[in-house]
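Please have the structure open while reading.

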Amino acid sequence: MNWKPLFSKAFAANPERLHFAAHSHHLWPDAAYEGHMAACDDAMALADHKWEKIMGPVWTEAQGYIAAELNLYDPQTIAFAPNTHDFLIRIISAIPTRPVRVLTTDGEFHSFRRQMDRWAEDGEVIVEAVSADTLLEKAVAGNHDLIFASQALFNSGTILNGIDQLAKLARPEGPWVVIDGYHGFMALDTDLSAVANNIFYMAGGYKYAMAGEGVCFLHAPPGYAPRPPVTGWYAAFDDLALPPGEIGYAPDGRRFLGSTFDPSGLYRFNAVQAMLADAGLSTSIISKHVLALQSRFIDQDPLPDMDLLNPLKGTPHARYLAYKGEKAPLLHAALTDHNIVTDVRGDVLRIGFAIYHDTSDVDHLIGLIRKVR
């Protein structure tokens, strides 16, 4: 099946580019452009009154898509923000213990790692970072206020196991469990129905949801952090008429909202979700397509002197292959010179696959790798 026509604008904008970094910045489908234009149209037509639509049907539609994807029983547990870092700050602010005792993995995204390191400098947190395969053991044995882990580690593509067991440890009084699903949402079939009352789950549209930046979300379990101290006026959007001095909070996921934001990401997200539904594309179908391309690449072994950190084992797999080797930066640069987009993290080259690739693209990539190595 050829889904490239869904991305005609991206291909027309740079016809010679071969984009194998869907895990980093997913190419926008035409629907994302159309959603963005719809946001502009509403802003011009509705002006001040656009927020009634945004916080009404646009918001509700986006919540519905996410709840369906994650099998959440209540879409209203979902809040939106420009980035997941906003949610991290609000969650930490709501934990009463200081310093906050944090258990995490040693493979978290550098935004989280940087913030933890900086707070640790000031004594706001005490961080214990362990390997993903020992996280559950440490969580059971430890005394932590927050357990934070990625569903799929961004550098190696390692898939986190034991989310259901971590959820059993969570309590409103602590510890809290936060799963960073940025590399899992719409890349891995994810069913949170059994753990929705116990874990926080955050992700966004920049990668596999194909909606670009500015549209991140948090599922906040009921009973956890009813009044986050770091807060914006949208967290009381229903109670703007409260008397002065009363600090109201929404009773649902909106209690984690901040202040005025750019809503165009919500429009793009909704438009892309509608496109996927029209095309009959689910996360499972896309994953099968990607798996076939990954298998084709691995079978031809174009990088024999590099170690594949996340081999295919017949279990859920990240949408990219992570190859470790000292030549990774040089190979990345050489591919860039040929207008082939991958990405590199230190000595790890990551190659991401998507529905805008077919077998001829994989073969082209393999041929160029063998040429420039």
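Which residues touch the most other members of the largest nonpolar core? The model examined here is predicted.

## The nonpolar core

The largest nonpolar core holds 114 residues, and Phe185 and Phe297 touch the most other members. Helix α3 (residues 50-70) supplies the largest share of this core, 9 residues. In soluble globular proteins, nonpolar side chains tend to be buried together.

Leaving aside residues up to four places away in sequence, Phe297 touches Pro302, Leu303, Leu321, Tyr323, Ile351, Phe353, Val362, Leu365, Ile366 and Ile369.

## A salt bridge within one helix

The whole structure contains 15 salt bridges. One of them joins the side chains of Glu121 and Arg118, at 3.3 Å from N to O. Both residues belong to helix α5 (residues 110-121), and because they are 3 residues apart, about one helical turn separates them. Glu121 is exposed, at 61% relative accessibility, while Arg118 is partly exposed at 41%.

## Salt bridges of Asp305

Asp305 forms a salt bridge with Lys327, with the closest N and O atoms 3.7 Å apart. This pair links distant parts of the chain, 22 residues apart: Asp305 is in the loop between α9 (283-299) and β9 (307-308), and Lys327 is in the loop between β10 (320-324) and α10 (328-337). Asp305 is partly exposed at 38% relative accessible area, and Lys327 is partly exposed at 48%.

The side chain of Asp305 also meets that of Arg373 in a salt bridge, 3.0 Å from N to O. Arg373 lies in the segment after α11 (359-372), so this pair ties together parts 68 residues apart in sequence. Arg373 is partly exposed, at 46% relative accessibility.

Note on methods:
Residues numbered from 1 in each chain as written. Predicted model: local features only at pLDDT ≥ 70, side-chain atom pairs only at ≥ 80, totals over all residues. Heavy atoms only, no water. Core = buried A, V, L, I, M, F, W, Y, C linked by side-chain atoms within 4.5 Å. Buried < 20%, exposed > 50% of the residue type's maximum accessible area, 1.4 Å probe, protein only. Helix = DSSP H or I, 4+ residues; strand = E, 2+ residues; numbered from the N terminus. Contact = heavy atoms within 4.5 Å. Salt bridge = Lys/Arg side-chain N within 4 Å of Asp/Glu carboxyl O.
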